[in-house]
Amino acid sequence: MAELNFKQELVGCFGYPVAENPTQAMIEPAFRDMGLDWRYLTLEVRPEGLEAAVQGARVFGFKGFNCTIPHKVEVIQYLDGLGESAELMGAVNCVVNREGKLIGENTDGKGFVASLKEIDDPAGKSIVIFGAGGAARAISVEMALAGANRILIVNRSATRGQELVALLNTGVKARCPELESVYAPWDGDFQIPSNTDIVINATSIGLYPDVDARLALDASTLASHMIVADVIPNPPKTQLVKMAAAKGCRVIDGLKMLVGQGVIGIEYWTGRSPDASVMRAGLEAVFD
Ligand code: NDP
């Protein structure tokens, strides 16, 4: 008779609010597909409980956990170390238990770059990014580390946009000397420079329930040689995605990025690669 084992390995997500976070729906099918008896717990952790929750993860022997709003920055003080991009961004979305040490990583931008690399190499490319929040920060840092050499940050709040450009032109540029990053104000419909290779919406415009919200962009400046990406996972077919597809652009939707960062998280936690198509199917089943 096979040896009985009722103790599952644990990972999860700490957030507040967290109930609507769909990550479990893509991670648990991947574990089943890999033959792993692991659980991904969606855990509501209030800000005042974060330190105790991290201690709990240590005591319960979690293999790691994701952090979402509002814990991505605050969690750092309770960890034992940071990976390179988490250190550069000052934000952690994935904690990994490496031989008893909890190390903070940031997989949001890495997931994006992985999905981009399926269709093109970011090295040497000219990028326009709308947004300067957490997603834009993660994507821009990781695109720079992947060799992108011109990054234009377009953001509603000039202060936030300029802060991100300052980060790119200092800490990140020290590692990527070719990088040139500039802030552009966002007044009216933005005109994409014709030498742009990749256009990315990293704002929350278009996120459910505001599905008809329009990203202010001059559609006539979108050209078919451009790759257009949207971080919005729900719904995956945003107004921007539809507009770009109609223009003949190659398109990356927000589910690809979500799956991409989930793949990297599973690789960090288990040391094995999951099947991305199983993960996407898990998400599509809940977003249907
Ligand atoms: P933040 O709150 O940190 O940043 C939001 C950004 O959107 C800011 O740049 C903000 O501009 C901009 N913005 C919001 N509303 C408007 C508007 N009406 N007009 C112009 N700009 C606007 O959020 P995050 O960066 O953490 O998340 C952004 C989006 O990315 C979310 O929708 C999230 O779901 C998605 N995301 C997707 C992931 C995936 O795997 N697919 C992973 C992580 C995030 P301002 O600075 O002026 O306020």
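Predicted model: local features only at pLDDT ≥ 70, side-chain atom pairs only at ≥ 80, totals over all residues.

F130 belongs to strand β7 (residues 126-130), which pairs with β8 in the parallel sense over 5 bridges. Between β7 and β8 the chain passes through helix α5 (residues 134-145), giving a right-handed β-α-β crossover.

V154 also has a bridge partner in β9, namely A184. Strand β9 (residues 180-185) runs parallel to β8 and is joined to β8 by 6 bridges. Of the 6 residues in β8 (residues 150-155), 5 are buried, so the strand is largely enclosed by the rest of the structure.

The ligand is surrounded by 22 residues, and the closest are A132, A135, N155, S157 and V231. This shell comprises 11 nonpolar, 8 polar and 3 charged residues. Helices α5 and α8 (254-270) each supply at least two of its residues; α8 gives the most, with 3 residues.

| Residue | Protein atom | Ligand atom | Distance |
|---|---|---|---|
| R160 | polar side-chain atom | oxygen | 3.1 Å |
| S204 | polar backbone atom | oxygen | 3.4 Å |
| V231 | polar backbone atom | nitrogen | 2.8 Å |

Taken alone, the ligand exposes 920 Å², of which the protein buries 76%.

Technical notes. Residues numbered from 1 in each chain as written. Heavy atoms only, no water. Buried < 20%, exposed > 50% of the residue type's maximum accessible area, 1.4 Å probe, protein only. Helix = DSSP H or I, 4+ residues; strand = E, 2+ residues; numbered from the N terminus. Pairing = 2+ DSSP bridges. Right-handed = clockwise from strand over helix to strand, strands pointing away. Near = heavy atom within 4 Å. Polar contact = N/O pair within 3.5 Å; in protein donor to acceptor, adjacent residues only side chain to side chain. Areas by Shrake-Rupley, 256 points an atom, 1.4 Å probe, with all protein chains shown as cover. Nonpolar A, V, L, I, M, F, W, Y, C, P; charged D, E, K, R; others polar.
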